[in-house]
Structures are given as structure tokens and as C-alpha cells.
Amino acid sequence: LVGGWLTGSLALLADAGHMAIDVVAVTLGIFALWIAQLPPTTEKTFGYYRAEILVALVNGALLFAVSLWIILEALGRFGNPPTLNGPMMTWIAAGGLVVNGVGLLVMSREKRDNLNARAVWLHLLSDALGSVTAILAGILVWKFDWYLADPIISIFIALLILYGSCRLLLECVNVLLEGVPKGMNLSEIRKCIESVKSVVEVHDLHLWTVTSGVPALSAHVRVGQAADHGKILGDITLLLKEQYR
């Protein structure tokens with residue numbers, strides 16, 4: 001932030017502002033991971049698993065708001081681009097790239113099965129891309145005195161942030177609306193259950209996500225009169241676990 005202020009670069013300010021929000025995002029992420037492990041209570045009988053999704057939703061909303069602010073600021077600079085310190089812009093952005101690269105390596109494994117960790121990873125990825133483009137803006141200003149590069153590249157950074165935040169928000173909303181988990185098909189799961197011996201009909205089938213990596217299913221299954229209910233339930237559970245791990 002200080003570097004962006006000293007150089008007058010919107011690209012650096014955009015990148016630094018995004019990183020400042022990441023500090024909040026990572027802090028919220030740590031809090032969500034902690035609270036999600038708390039045991040259920042008499043008032044919160046399902047526990048606190050959804051805290052992770054709520055934090056990811058806040059992160060996505062923050063990213064969305066920041067990207068719109070960057071675009072508005074950049075558009076205001078097209079008419080009268082300020083004089084910038086190109087060499088300082090370049091070196092500060094390069095330092096930011098190193099920091100974000102380390103963060104991406106740390107979070108790369110965690111993001112696979114955890115929506116909240118993926119939110120943090122997306123923050124870091126868009127930061128790293130922002131640093132790369134800020135380096136490019138610095139070089140263009142430094143070597144060619146092309147000051148319009150700063151607002152142009154700032155808009156590019158903002159669009160990257162906007163794309164990632166929209167995807168994240170859509171995933172969070174799908175979880176909160178208890179939509180079918182990504183990669184699962186309700187019709188196929190119904191056929192899978194109906195393939196079990198003695199199953200006559202499946203109705204009131206519901207499939208949703210409790211939190212990242214924790215899908216849930218409920219259904220009414222009608223079976224034959226002479227069927228062993230306990231055995232059929234075990235067979236259905238085993239088959240679903242094998243097919244949809």
C-alpha cells in the first residue's frame with residue numbers, strides 16, 4: 001500500500017488493496033476452520049460446519065466489491081494519467097509475486113477438498129496474477145513512459161478478481177440453497193439405489209452439501225414385503241459409498 005502511494009500506481013494499489021483484504025480473508029478462514037470443529041449443541045444440533053461456507057461467501061463478496069472499485073478508479077485515470085515511478089513499481093510488484101508464490105505453494109494441497117481453503121487459494125492466485133501484471137505495467141512505464149498501461153492493467157487485474165469471485169459466490173450460494181453437489185447426478189443416484197435387490201421404488205430423494213467434502217442424502221425407499229430392511233439399507237449405503245466417494 002505504501003509502495004502504491006509513493007509511486008502513484010493504481011495497479012500497485014489495486015494489488016496491495018487486494019492483499020490487505022487477503023489478510024482479513026485468511027484470518028476469517030482460520031476462524032472458520034476452528035469453529036467448524038466445535039461439537040454440536042442442543043441449539044446447534046448439526047454443529048457449525050456451515051461456518052466455513054459463510055466465511056467463503058464473505059470473502060467472495062469482498063473480492064467482488066474490490067474489483068468494482070478498481071475498475072471505477074481506473075476509468076477515471078484514462079483522461080489524465082498521472083506520472084508514475086516505473087522502477088519502484090516494478091521492484092515492489094516483484095516482491096509481491098514472491099510472497100504470493102510462497103502462499104500458493106502452501107495452500108495448493110488444502111484447496112482440493114475444502115471450499116474455504118479454495119477461497120483463500122483463489123485470493124492468492126489472483127494476487128499473484130495481479131503482481132505479474134503490475135510488473136508488466138511497471139516495465140511499460142519505466143522503459144516506454146506509457147502511463148496508460150497502469151489503468152489498463154488495473155482493469156485487467158480487476159476482471160481476474162471479478163471472475164474468481166463470481167465463481168466462488170455461485171458455489172457458496174449453491175451450498176446454502178442445498179443444491180445438488182457438483183459432479184453428482186440425482187437421476188443416476190436414483191437408478192443406483194433402484195438397482196439394489198428388493199428395492200421397489202425410491203421417492204423423496206434429496207441430495208445436498210453440508211459443507212465442503214461432506215455430501216448428504218435422504219430418501220424414502222419402498223421394498224418388497226419379505227425383504228430384510230436392515231440388509232437393504234446396508235447394501236444401499238455400501239453401494240453409494242463405493243460409487244460416490
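Hi everyone, let's start with D145, which counts as exposed because its relative accessibility is 51%; exposed here means over 50% relative accessible area, buried under 20%, and partly exposed in between, with a 1.4 Å probe and protein chains only. D145 sits in the loop between α5 (115–144) and α6 (149–176). Its phi is near 55°, a positive value in a residue other than glycine. Most residues other than glycine have a negative phi.

A word on the ground rules. This is a predicted model, so local features need pLDDT of at least 70 and side-chain atom pairs count only at pLDDT 80 or more, while totals for chains, interfaces and linings use all residues. Residues are numbered from 1 along each chain as its sequence is written, and side-chain values use heavy atoms, with hydrogens and water left out. Helices (H or I, at least four residues) and strands (E, at least two) are DSSP runs, numbered from the N terminus.

How confident is the predictor? On pLDDT, its confidence in each residue from 0 to 100, the chain has a mean of 84, and 96% of its residues reach 70 or more. Confidence is lowest in helix α2 (residues 10–36), at a mean of 75, and highest in α7, at 92.

So let's look at α7, residues 186–194. Which of its residues are buried? They are I189, C192 and I193. These three cover an arc of only 95° around the axis, which puts them on the same side of α7; that arc is taken from the directions from the helix axis to the C-beta atoms. As a reminder, an α-helix has 3.6 residues a turn, so residues three or four places apart point the same way. And what do the buried residues of α7 pack against? Their partners are β1 (199–211), β2 (214–223) and α8 (229–243), where contact means heavy atoms within 4.5 Å.

Between α7 and β1, in the loop, you'll find S198. S198 is another non-glycine with a positive phi, about 80°, and it is partly exposed at 35% relative accessible area.

Moving on to β2, that strand holds L217, also partly exposed, with a relative accessible area of 35%. Leaving out residues up to four places away in sequence, L217 touches I189, L205, H206, L207, W208 and L240. The C-alpha atoms of L217 and V180 are separated by 9.7 Å, and the two residues are 37 apart along the chain.

Now for two residues in other helices. N100, in helix α4 (residues 86–107), counts as buried at 3% relative accessibility. Beyond four places in sequence, N100 touches M19, L124, D127, A128 and S131. I135 is in helix α5 and is buried too, at 17% relative accessibility. I135 and A36 are 99 residues apart in sequence and 39 Å apart in space, C-alpha to C-alpha.

Last stop, the rings. The charged end of K143 sits over the ring of W142, 4.4 Å from its centre; the test is NZ of Lys or CZ of Arg within 6 Å of the ring centre and within 35 degrees of the ring normal. How many aromatic pairs does a search of the whole structure find? It finds 0.

Technical notes
Phe/Tyr/Trp six-rings, centres within 6.5 Å; stacked < 30°, edge-to-face > 60°. pLDDT = per-residue confidence, 0-100.
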